[in-house]
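Please read the following note beside the sequence and the three-dimensional view. Each numbered point takes up one topic.

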Amino acid sequence: VEAVHLIADGKAPRIPQPKEGATYEGIQKKENAEISWDQPAAALHNWIRGHDKVPGAWTIINGQVVTFYGSSLLDASVPAGQELTIKGASRPGLVTKNGLVIFGNDGKMVLVRNLQFEDGKMIPASKYFSADETIALELTEEEKKIAEDIR
């Protein structure tokens, strides 16, 4: 009650906040969000989730910056998948039907669900090796007629 009265009377003490440590801007920079691979799986997961969505935890894959989104710890046997070399990682990742499995230095696994490339394109991590494939849509004669009518 006394504090409320001091504020209401304009007599409350004012202590300026120090400038050092007063902002979170430093950790919001993309260059500070690179993944350090010499960590246990739990630390990798926390790093990725801690930078999810902004600025996004990133690494180099095939000479390109790739940002990881949507990680979870994976407590199962090593799933079947296609190996993916990740710069700095002690062990290749695995592109599986559920996403990209990465390994901590403790041998435990983290599942990453989405990847974003430098050009801004985001894909499910499970589609990494099929991202460049395009399927031509072939219409039947009836569908071509409907498409023409719509035009």
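1. N62 lies in the loop between β1 and β2. Strands (E, at least two residues) and helices (H or I, at least four) are DSSP runs, numbered from the N terminus. N62 has a positive phi of about 55° although it is not a glycine. With a relative accessible area of 61%, N62 is exposed; exposed means over 50% relative accessible area, buried under 20%, and partly exposed in between, with a 1.4 Å probe and protein chains only.

2. The model is predicted, so local features need pLDDT of at least 70 and side-chain atom pairs count only at pLDDT 80 or more, while totals for chains, interfaces and linings use all residues. Residues are numbered from 1 along each chain as its sequence is written, and side-chain values use heavy atoms, with hydrogens and water left out.

3. The loop between α2 and β1 holds K53 and P55. Two cis peptide bonds deserve attention here: one joins D52 and K53, with omega about -10°, and the other runs from V54 to P55, with omega near 0°. The charged end of K53 also sits over the ring of Y69, 4.5 Å from its centre. By definition, a charge sits over a ring if NZ of Lys or CZ of Arg is within 6 Å of the ring centre and within 35 degrees of the ring normal. R91 likewise lies over the face of F103, at 3.7 Å from the ring centre.

4. Which residues of helix α2 are buried? In this helix, residues 41-50, they are A41, L44, H45 and I48. Seen down the axis of α2, the buried residues fall within an arc of 100°, so they line one face of the helix; the arc is that of the directions from the helix axis to the C-beta atoms. In general, an α-helix has 3.6 residues a turn, so residues three or four places apart point the same way. The face of α2 turned away from the buried side carries the exposed residues N46 and G50.

5. The buried residues of α2 pack against β1 (57-61), β2 (64-74), β5 (99-103) and β6 (109-117). In strand β2 is S71, which is buried, with a relative accessible area of 6%. A polar contact of 2.7 Å joins the side chains of S71 and H45. Such a contact is a pair of N or O atoms within 3.5 Å; within protein, one must be able to donate a hydrogen and the other to accept it, and residues adjacent in sequence count only if both atoms are side-chain atoms. Leaving aside neighbours within four places in sequence, S71 is in contact (heavy atoms within 4.5 Å) with residues including I48, R49 and V110.

6. F117, Y128 and F129 form one aromatic cluster. Rings of Phe, Tyr and Trp (its six-membered ring) pair if their centres lie within 6.5 Å; planes under 30 degrees apart count as stacked, over 60 as edge-to-face and the rest as tilted. By this rule there are three aromatic pairs. The rings of F117 and Y128 have centres 6.1 Å apart and planes at 35°, so this pair is tilted. Y128 and F129 form an edge-to-face pair, 5.1 Å centre to centre with 90° between the planes. F117 is buried at 11% relative accessibility, and Y128 is buried at 12%, whereas F129 is partly exposed at 33%.
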